[in-house]
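Q: Can you walk me through this one? I'd like to start with the strands and then look at the rings.

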Amino acid sequence: YQQYPKRKFPVKAVIGTVIAVIVIIVVLLVVLPIFTKSSVSPTSTSKPYPISASDMAAVYGGSWTILNNESGTITFSSSGVTISLFNGISATMSYSEFYSEFNISGPFSTYFNVSELSEAIVVTFSYKGTSIGNGSVEEVVFMPKQGTSLYDLVTSLTDANLYSSGADYAGQQGNIIYGYKFTFSGYEECIINRANGEVVLLFNLPNINPTIASQLASYI
């Protein structure tokens, strides 16, 4: 793979943002149902996330379901943060409350700038199958706002960038860039749509190879 020169705004900034988003979202989805008692009407039946349970079943087989009490969207606007779980529980808070309640800090906090994001989505899948066993997979999606440095970075990435930044394998399908890596927590895949800046991450995958990675990327 061709090695690209270092960018002043490095690829690790994306990784930092992703990790910060994941940590915050996981906390939100665990804590929010405890602190929120109000509810809203059921969420739209339209697909609010790129990869569905049926998509996962088509790739891996077995039976896949979405845990609605552990999945939802976080929308960032000028007025504050709105958190909506798929089970109908919803809450809105100011940015100061958001930062105070969930203590956004640590080595990656520098990269987490909510002013650069329009929305984040997390979907927790539960699966059962004889060939893949039982377990759960998490899909995390975030959308940078157009005109931000993060959006410019994401929409300019190539498969070579992903590979040189540590992916075990990287590929490209038109505007879709994807790569996967085996980590201490299991198999992970990162999929980027350069056409709109959408970033999709899949964690704790049962297994992965170039064919599986390509098939998952085709749903974006």
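A: Here is a short tour of strands and aromatic pairs. Keep in mind that the model is predicted.

Q: Is strand β8 largely enclosed or exposed, and why?
A: Strand β8 covers residues 176–183. Six of its eight residues are buried, so the rest of the structure largely encloses it.

Q: How does β7 pair with β8?
A: In the antiparallel sense, over five bridges. Strand β7 spans residues 169–173. Gln173 stands opposite Ile176 in β8.

Q: What about the hairpin of β7 and β8?
A: Two residues sit between the strands. Gly174 takes a positive phi there, near 65°.

Q: And how many bridges join β8 and β9?
A: Eight, again in the antiparallel sense. Strand β9 runs over residues 186–193. Ile177 has Ile192 in β9 as its bridge partner. These two strands also form a hairpin, with two residues between them.

Q: New topic. How many aromatic pairs are there?
A: Seven. One of them is Trp64 with Tyr127, a stacked pair. The rings are 4.5 Å apart centre to centre, with 25° between the planes.

Q: Where in the chain are Trp64 and Tyr127?
A: Trp64 is in strand β1 and Tyr127 in strand β5, 63 residues apart.

Q: Buried or exposed, that Trp64?
A: Buried, at 8% relative accessible area. Tyr127 is buried too, at 7%.

Q: Which residues form a cluster with them?
A: Tyr60, Trp64, Phe125 and Tyr127 form one aromatic cluster.

Notes. Residues are numbered from 1 along each chain as its sequence is written. This is a predicted model: local features need pLDDT of at least 70, side-chain atom pairs count only at pLDDT 80 or more; totals for chains, interfaces and linings use all residues. Side-chain values use heavy atoms; hydrogens and water are left out. Buried means under 20% relative accessible area, exposed over 50%, partly exposed in between (1.4 Å probe, protein chains only). Helices (H or I, at least four residues) and strands (E, at least two) are DSSP runs, numbered from the N terminus. Two strands pair if DSSP finds at least two bridges between them. Rings of Phe, Tyr and Trp (its six-membered ring) pair if their centres lie within 6.5 Å; planes under 30 degrees apart count as stacked, over 60 as edge-to-face and the rest as tilted.
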